[in-house]
Amino acid sequence: MPDSIVIIPTYNEKENIERMIRKVFTLPHDFHLLIIDDGSPDGTANIVKQLQQEYGDKLFIEERAGKQGLGTAYIHGFKWAIRHHYDFIFEMDADFSHNPDDLLRLRQACIDGADAAIGSRYIKGVNVVNWPMSRVLMSFFASVYVRFITGIDIQDSTAGFMCYKRKVLETLNLDKIKFVGYAFQIEMKYTSIKHGFKVTEVPIIFTDRTAGNSKMSKGIFKEAFFGVIQMKINSIFRKYPEG
């Protein structure tokens, strides 16, 4: 039984999903892949199902009815991965903004002692390619804002490229993780740290997608801005038993 599963949420990713799946399966470690597809009208799920005939029990898909949000997709995937007893559980985008080769480095960071590893754009300067400066600044200062409000020492708190040890996800009450966009990523890191887990950052180079459309929206940023404040207030009245 391989120890690692990569969870990739998809919505209209037909331009990227086959290349991504094939790339992950060429890596020098036996990763499994779980695709969480939210009813992509472009046929993304059909592409995955066709590839299942080639890759057998290494490639899995969970289909959901319509767009339900990134956060709920990952929670769905986390619960699935826990039930199937994977030791290292990854989250990654389908669009190659995250380099699949870096999965090996995130896994190694957890082997070396981290409970969760972040593929960080900002731990060594700003390593973002092909983003407009306005979006780079918004993302960078979002993490500055999170550090100011929450006090956690994470340079890239909105990062969506992660490796969690199973015990982290088993300890967190995943049903209490309510945010769906940037705020979901922040909440997961914050809650992990509050439970006493060691969260480390691994420098990566983030490259904006070249195919397909971004799912970013103003609503996601609004959720993150106000959600961080609400999360901090709620944490004052919540107990976090150490994992």
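Which handedness, left-handed or right-handed, does the crossing of H1 and H2 have? In this predicted model, the crossing of H1 and H2 is right-handed. The residues that make the contact are Ile17, Glu18, Ile21 and Arg22 on the side of H1, together with Thr44, Ile47, Val48, Leu51, Glu54 and Tyr55 on the side of H2. When these residues are sorted by class, 6 are nonpolar, 1 is polar and 3 are charged. In general, a pair of packed helices is described by two quantities, the angle between the axes and the distance between them. For helix H1, which comprises residues 17-24, and helix H2, which comprises residues 44-55, the angle is about 30° and the axes are 10 Å apart. Because angles under 35 degrees count as roughly parallel, H1 and H2 are described as roughly parallel to each other.

A second pair of packed helices is formed by H3 and helix H7, the latter covering residues 182-194, and here the packing angle is about 45° with the axes 8 Å apart. H3 and H7 are therefore oblique to each other. From H3, the contact involves Leu70, Gly71, Tyr74, Ile75 and Phe78, while H7 contributes Phe184, Gln185 and Met188. By class, the contact of H3 with H7 consists of 6 nonpolar and 2 polar residues, and no charged residues take part.

Phe78, one of the residues through which H3 meets H7, lies in helix H3, which spans residues 70-83. Phe78 has a relative accessible area of 0% and is therefore buried, since the term buried applies under 20%. Apart from its neighbours within four places in sequence, Phe78 is in contact with Ile7, Ile89, Glu91, Tyr164, Leu169, Leu174, Phe184 and Met188; among these partners, Phe184 and Met188 belong to the H7 side of the helix contact. Phe78 and Val6 are 72 residues apart in sequence, and their C-alpha atoms are 10.0 Å apart in space.

Trp80 is also found in helix H3, and at 6% relative accessibility Trp80 counts as buried. With residues up to four places away in sequence left out, the residues that Trp80 touches are Ile5, Leu34, Phe60, Glu62 and Tyr86. Between Trp80 and Met231, which are 151 residues apart along the chain, the separation of the C-alpha atoms is 26 Å.

A buried position in a strand is provided by Ile36, which is placed in strand S2, residues 31-37, and which has a relative accessible area of 1%. Not counting residues up to four places away in sequence, Ile36 touches Ile7, Ile8, Pro9, Thr10, Glu62, Arg64, Ala73, His76 and Gly77. Ile36 and Tyr240 are 204 residues apart in sequence, and in space the distance from C-alpha to C-alpha is 29 Å.

In helix H4, residues 103-111, the buried residues include Leu103, Leu106, Arg107, Ala109 and Cys110. These residues cover an arc of only 155° around the axis, and they are therefore on the same side of H4. After H4 comes Gly113, whose phi is positive, near 135°. In helix H5, which covers residues 133-150, lies Met138, and with 44% relative accessibility Met138 counts as partly exposed. Met138 and Thr200 are 62 residues apart along the chain, and their C-alpha atoms are separated by 22 Å.

The backbone angle phi was also examined. Most residues other than glycine have a negative phi. Asn12, although it is not a glycine, has a positive phi of about 55°. Asn12 is placed in the loop between strand S1, residues 4-10, and H1, where Asn12 is partly exposed with a relative accessible area of 24%. His85, likewise a residue other than glycine, has a positive phi near 65°. The place of His85 is in the loop between H3 and strand S4, residues 88-91, and at 55% relative accessibility His85 counts as exposed.

Methods: Residues numbered from 1 in each chain as written. Predicted model: local features only at pLDDT ≥ 70, side-chain atom pairs only at ≥ 80, totals over all residues. Heavy atoms only, no water. Axes fitted to C-alpha atoms, helices over the stretch in contact; angles between N-to-C directions. Helix = DSSP H or I, 4+ residues; strand = E, 2+ residues; numbered from the N terminus. Parallel < 35°, antiparallel > 145°, perpendicular 65-115°, else oblique. Left-handed = near helix turned anticlockwise from the far one by under 90°. Contact = heavy atoms within 4.5 Å. Nonpolar A, V, L, I, M, F, W, Y, C, P; charged D, E, K, R; others polar. Buried < 20%, exposed > 50% of the residue type's maximum accessible area, 1.4 Å probe, protein only. Arc of directions from axis to C-beta.
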